[in-house]
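Thank you all for coming.

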Amino acid sequence: VEDAEPQTCAHGQILVGLIWDLKRQVERRAVGQSQHHPTPRTMAAVRWNRICFIFHLLLISSTSSSSSGQAGMNQEYNTFKTDNPDWVFNHLVVDQRTGSVYLGAVNRIYKLSSELLPLVTHQTGPDEDNPDCYPPRMVQPCNEPLRLTDNVNKMLLIDQGERRLIACGSLYQGICKLLRLDDLFKLGEPFHKKEHYLSRVNDSGSVFGVIVSDQGADAKLFVATAVDGKPEYFPTISSRLLASNPEADEMFSFVFQDEFLASLIKIPSDTFTVIPDFDIYYIYGFSSSAFVYFLTLQPELVNAGPGSTRQQVYTSKLVRLCQADTTFNSYVEMPIGCVKDGVEYRLLQAAHLAKAGPVLATSLGIHPDQDDVLFALFSKGQKRRSKAPDESVLCMFVLSSINERIKDRLQSCYRGEGFLDLAWLKVKDIPCVPAENVTLYT
């Protein structure tokens, strides 16, 4: 594991073995047969569809009950599908209080019961729009030709403090709706300020959000998004106010903003002169302790060898911010990836944060149900971001070890060692400068 080396490689085979045991138990209960038992070494390098299945089992393992009976071959499961096959599902969230399931799809938001029975449908599109209309036509007339456009759900979050759903789409530069959890009644749809436009990218995986609750104050929404070559319009990462009043003027405003600073980071225009198609693709995000984290894919130029021109590759990086940092001075990022049997896996596909159970915690030497563990899927290759991976591995990282690694790197930089690993932000390598009396927190 690059720059986060502790537990992943050392316990990679243990993890794969545990996942295979889980998979085998579930298969026995659901199918009643499982005779072929691949070894951990085999399971570490299987095709994408099986890895996805195993990863899914891992995510649901904490809520799966161990039934004493075994399901037969004819066991039936509830399913839900849309009336229109073009209304594909983009995002899913579950209300932990009620068990209700919310689906963000193309042109629709669905509320389902815990048995996947449809309860409420909220229509979000299609509507007349053009991605070049900035601001959108509801704010000022647009000279671009309008056409009927689907609304792709790009972000779906539950704001538990206010018992509402935040659903952001691809129409009108990425505005969001605030929907009541009970019946999907529209509480608000801010669209009249530039802060209300999150991203124009028409891609369901282009935006990721993390809600952070402040006791006695309005919650904050950390938003990370690809900008599609429009950094002047959209910050790549920002923190927004989630006002209790859904119609409040400050809804989605930056947490802090004055003449010179704001709670955001924009990609400098100079970066696009170096890498014309530069963007940051956010795969996953979460909060833990005092920090907010995002896992990303970023293009960068690397030296292929002596005398050769630099080549563009994609690098997986973990981004960390302090939750209380209103001007993003705490922003730090580090490369992350896996090495298995001498093969590098550096193209991040998916990730999930969870607490370690007793068996896994014992093998890692951490506290069960307390320490956070980050599970991540990586594939081989770095040259093409969207290429379907032929081979993938599931790796794990103890979050406290990642934080220690970040702390060590920051301390070495404050001693004047090395360079800031933020070439895309500064356009060039910036050497670290010695600093005194600096206190770091993990």
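This is a predicted model: local features need pLDDT of at least 70, side-chain atom pairs count only at pLDDT 80 or more; totals for chains, interfaces and linings use all residues.

A search of the whole structure turns up four disulfides, and if the bonded cysteines are numbered in sequence order, the pairing reads 1-2, 3-4, 5-6, 7-8.

One of them joins cysteine 168 to cysteine 176, with the sulfur atoms 2.0 Å apart. The torsion about this S-S bond is about 100 degrees, so the disulfide is right-handed. Cysteine 168 is buried at 3% relative accessibility, and cysteine 176 is buried too, at 1%.

Another disulfide runs between cysteine 338 and cysteine 395, where the S to S distance is 1.9 Å. Because cysteine 338 sits in strand E19 and cysteine 395 in strand E23, this pair ties together parts that are 57 residues apart in sequence. Cysteine 338 has a relative accessibility of 3% and counts as buried, while cysteine 395, at 6%, is buried as well.

Next, cysteine 413 and cysteine 432 are bonded, with their sulfur atoms 2.0 Å apart, and here the torsion is about -100 degrees, so this disulfide is left-handed. Cysteine 413 belongs to helix H7, whereas cysteine 432 lies in the segment after strand E25, so the bond ties together parts that are 19 residues apart in sequence. Cysteine 413 is buried at 11%, and cysteine 432 is buried at 7%.

Since that brings us to H7, let me stay there for a moment. The helix covers residues 399-414, and its 16 residues reach 23 Å from the first C-alpha to the last, close to the 22 Å expected. Its buried residues are Leu399, Ser401, Ile402, Asn403, Ile406, Ser412 and Cys413. After the helix comes glycine 416, whose phi is positive, near 85 degrees.

Now to the charged side chains. The structure holds 13 salt bridges, and one of them pairs aspartate 95 with arginine 163, the closest N and O atoms being 2.7 Å apart. This pair links distant parts of the chain, 68 residues apart, with aspartate 95 in the loop between strands E1 and E2 and arginine 163 in the loop between strands E7 and E8. Aspartate 95 is buried, with a relative accessible area of 0%, whereas arginine 163 is partly exposed at 24%.

A further salt bridge brings together aspartate 372 and lysine 355, at 2.9 Å from N to O. Aspartate 372 is in strand E22 and lysine 355 in strand E21, so the pair ties together parts that are 17 residues apart in sequence. Aspartate 372 is buried at 13%, but lysine 355 is partly exposed at 44%.

Aspartate 325 is found in the loop between strands E17 and E18, and its side chain reaches two backbone nitrogens, that of threonine 327 at 3.1 Å and that of serine 330 at 2.6 Å.

How values were computed: Residues are numbered from 1 along each chain as its sequence is written. Side-chain values use heavy atoms; hydrogens and water are left out. Helices (H or I, at least four residues) and strands (E, at least two) are DSSP runs, numbered from the N terminus. The expected span of a helix is 1.5 Å times one less than its number of residues. Buried means under 20% relative accessible area, exposed over 50%, partly exposed in between (1.4 Å probe, protein chains only). A salt bridge is a side-chain nitrogen of Lys or Arg within 4 Å of a carboxyl oxygen of Asp or Glu. A polar contact is a pair of N or O atoms within 3.5 Å; within protein, one must be able to donate a hydrogen and the other to accept it, and residues adjacent in sequence count only if both atoms are side-chain atoms. A disulfide is a pair of cysteine sulfur atoms within 2.5 Å.
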